[in-house]
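Keep the sequence and the 3D view open while reading.

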Amino acid sequence: MTDSVNFDVIIIGGGPAGSSAATILAEHGHRVLVLERERFPRYHIGESLIPFTYQPMERLGLIPKMKASAFQKKYSVVFVQPDGKASQPFYFFNRYDRNTVAQTWQVLRSEFDQMALEHAREKGAEVKEETSVKSILRDGSRVIGVRAQNKSGTTTDYFAPMTLDCTGKEAFTAVRNGWRMNDPFLNKIAVWTYYRGSKREQGIDEGQTTVAFVPEKGWFWHIPMHDDRVSIGVVAEGKYLTRDGVRDLEKIFKREISENRWIAEHLSLGEQTGPYYITSEFSFHSRHCGSEGLLLVGDAFAFLDPVFSSGLMLALKSGVMAGDAVHAALVAKDFAPERFADYATRLRHGIENMRKLVYAFYSRDFSFKDVIMKYPEAAAEITDCLSGDVDKDFSPLWRKFREFVPLPDDLPVGEPLTSSTLVNSTP
């Protein structure tokens with residue numbers, strides 16, 4: 001049996017991108033439906049917030065809840081060479097206001113994502129968990145809603161003038177439309193797990209993110225969280241991590257511990273807990289940000305290698321941007337794809353800035369230190385980009401970088417699919 005229900009906006013996915021878009025739209029007074037496949041709280045990786053996550057969280061009204069939470073406070077990032085030699089911590093308060101951007105958090109995603117989704121509910125969004133979207137409904141080329149199935153097997157057609165795809169790396173509509181493009185150079189594998197009772201720094205450095213290098217441009221993340229828990233993972237090319245035919249995740253992880261003295265020392269205490277995980281951390285981009293009646297948000301629009309922890313910032317930021325853009329479309333009763341060109345342009349600009357940093361990081365002979373030694377003023381620009389202030393014009397910084405390393409050109413992707421481009425798009 002199929003029933004029909006009408007909304008102003010349908011959001012596929014209740015993660016950070018979906019919950020933030022839902023919050024903004026519900027605050028504007030629109031009738032919003034969030035369809036989430038899983039039951040929250042649910043496990044998710046991606047636990048470190050960079051400083052400029054503060055602005056979208058402030059707009060969403062989440063800062064008081066974050067300050068009242070048990071989440072580990074984070075004030076800095078440190079980089080560690082394979083021999084265990086650590087850089088001086090990069091303290092955010094040396095550049096930013098101590099009361100806002102300079103202090104961020106390391107979060108347990110199951111708790112953070114549930115907080116954000118419940119916040120959207122409090123603002124008025126209707127949320128249906130354990131409900132899977134099976135297909136997109138169309139009238140010609142225009143998206144008019146979705147067909148979804150709940151856990152009891154009941155199928156319902158939901159209709160709205162706008163549908164937001166916030167399905168994360170699954171990229172529900174980009175995959176089905178043939179829009180997803182991989183970024184071949186940024187094709188890594190991550191193996192990770194968790195420790196309890198392991199060594200961590202003291203005082204203000206307790207919550208710092210550590211990026212610890214291993215050979216072949218691989219790296220560990222070390223993210224201290226609350227409840228004496230540490231997220232620890234290694235990222236590198238698949239051929240490096242599976243060398244000598246080793247494919248057992250525990251064996252891979254424990255072998256790599258020995259490749260960095262700092263990691264080995266910190267994990268010499270405490271105990272590993274829970275399973276070992278693996279994922280392909282490939283980067284990808286959507287050819288289009290959406291089409292008539294459809295808009296892509298967060299990782300469904302683009303996913304970047306996680307070395308600089310930009311994922312949550314981009315998800316929340318894009319959710320807020322999408323909420324405002326769709327609100328304007330609802331007020332104007334104009335859902336032409338062209339009106340979302342500014343959304344796509346702004347989002348792509350930020351992604352491209354972060355993407356250039358990631359490319360430089362993985363280039364064999366590159367080091368931020370070399371750039372700063374020649375151009376001391378570049379330190380502030382690098383800090384801003386690493387911290388997520390990605391809307392700025394960094395073209396002077398990229399000119400400096402190109403003296404040391406090749407950087408990719410901006411990808412000509414992300415524009416909305418309009419009637420003029422439809423003929424060239426894969427159906």
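The model is predicted.

**Helix H9**

H9 runs over residues 311-332 and has 22 residues. From its first C-alpha to its last it reaches 31 Å, close to the 32 Å expected at 1.5 Å a residue. Of the 22 residues, 16 are buried, so H9 is largely enclosed by the rest of the structure. Lys333 follows H9 and has a positive phi, near 55°.

**Helices H1 and H4**

The axes of H1 and H4 come within 8 Å. They cross at roughly 20°. An angle under 35 degrees counts as roughly parallel, and H1 and H4 are therefore roughly parallel to each other. Their crossing is left-handed. The table lists the residues that meet.

| Helix | Range | Residues in the contact |
|---|---|---|
| H1 | residues 16-27 | Pro16, Ser19, Ala22, Thr23, Ala26, Glu27 |
| H4 | residues 109-123 | Arg109, Phe112, Asp113, Ala116, Leu117, His119, Ala120, Lys123 |

By class, the contact of H1 with H4 has seven nonpolar, three polar and four charged residues.

**Lys217**

Where is Lys217 placed? Lys217 sits in the loop between strand E15 (209-214) and strand E16 (218-225). Leaving aside neighbours within four places in sequence, Lys217 is in contact with Phe361, Tyr362, Ser363, Arg364 and Phe366. Gly124 is 93 residues from Lys217 in sequence. In space, the two are 46 Å apart, C-alpha to C-alpha.

Key. Residues are numbered from 1 along each chain as its sequence is written. This is a predicted model: local features need pLDDT of at least 70, side-chain atom pairs count only at pLDDT 80 or more; totals for chains, interfaces and linings use all residues. Side-chain values use heavy atoms; hydrogens and water are left out. Helices (H or I, at least four residues) and strands (E, at least two) are DSSP runs, numbered from the N terminus. The expected span of a helix is 1.5 Å times one less than its number of residues. Buried means under 20% relative accessible area, exposed over 50%, partly exposed in between (1.4 Å probe, protein chains only). Axes are lines fitted to C-alpha atoms, for helices over the stretch in contact, and angles run from 0 to 180 degrees between N-to-C directions. Angles under 35 degrees count as roughly parallel, over 145 as roughly antiparallel, 65 to 115 as roughly perpendicular and the rest as oblique. A crossing is left-handed if the near helix is turned anticlockwise from the far one by less than a right angle, and right-handed if clockwise. Contact means heavy atoms within 4.5 Å. Ala, Val, Leu, Ile, Met, Phe, Trp, Tyr, Cys and Pro count as nonpolar, Asp, Glu, Lys and Arg as charged, and the others, Gly among them, as polar.
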